[in-house]
Amino acid sequence: AGAMTPDEVKTAKDLLWTDIEAHHGISRADSETWKNWRLSRTGLDTAVVQDPGAWYVRACPGVKRAFEEVWETPELIVSMDAVILWRPWWIKSSWMPITEGLHLDQNPFHKPSLETVQGMVPLLPVSMASGGLKVIPRSHTEAAKDELKEEFPHLASCGDWCPLMIDHE
């Protein structure tokens, strides 16, 4: 919380809407146009990740500072493979988003050390109704990765996105 100021959030939303409108041919002011928007149920969208809105979020001082603290340097390499965009599912039930499920984004067989850190910057309030990012505490540790390799040996043949068919609740 607090990675972006209210003014930065407002600017980011406007820039992202401009990017979405350009890529998907919809209008933020006309929800009727959203019906033809081919958006996956997960909301993962790769079309706008290199556009001004996504880059604005990445460059906000509070967002950058969070990663500087993790890596203990201001010299960062940044990438973004998707943004999550959800249509208001309370308008149309078929727009209800789903998650991609519990997964790893760094394969413990191929990247056993800490090589990447991901973040999520919600531009709208997050609640129990909307959901959010679920992180397993200490899952980044060597012991946890060793346990994952033992429990899921088939991940050795996967890329970095590794779905976990378990429930840690």
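Which backbone nitrogen lies 3.3 Å from a polar atom of the side chain of Thr 42? It's the one of Leu 44, as View 1 shows. A note on the model: it is predicted, with local features needing pLDDT of at least 70 and side-chain atom pairs pLDDT 80 or more, while totals for chains, interfaces and linings use all residues. Numbering runs from 1 along each chain as its sequence is written, and side-chain values use heavy atoms, with hydrogens and water left out.

**View 1. Thr 42 and its neighbours.** Thr 42 sits in the loop between helix H1 (6-24) and strand E1 (44-45) (helices, H or I, at least four residues, and strands, E, at least two, are DSSP runs numbered from the N terminus). Thr 42 counts as buried at 16% relative accessibility (buried is under 20% relative accessible area, exposed over 50%, partly exposed in between; 1.4 Å probe, protein chains only). Its side chain makes a 2.8 Å polar contact with that of Ser 40 (a pair of N or O atoms within 3.5 Å; within protein, one able to donate a hydrogen and the other to accept it, and residues adjacent in sequence counting only if both atoms are side-chain atoms). Leaving out residues up to four places away in sequence, Thr 42 touches Ile 84, Trp 86, Ile 98, Thr 99 and Glu 100 (heavy atoms within 4.5 Å).

**View 2. The buried residues of helix H2 (52-59).** Here Gly 53, Ala 54, Val 57 and Arg 58 are buried. They're on the same side of H2, because their arc around the axis is only 135° (taken from the directions from the helix axis to the C-beta atoms). These buried residues pack against H1, helix H3 (61-71) and strand E2 (83-84).
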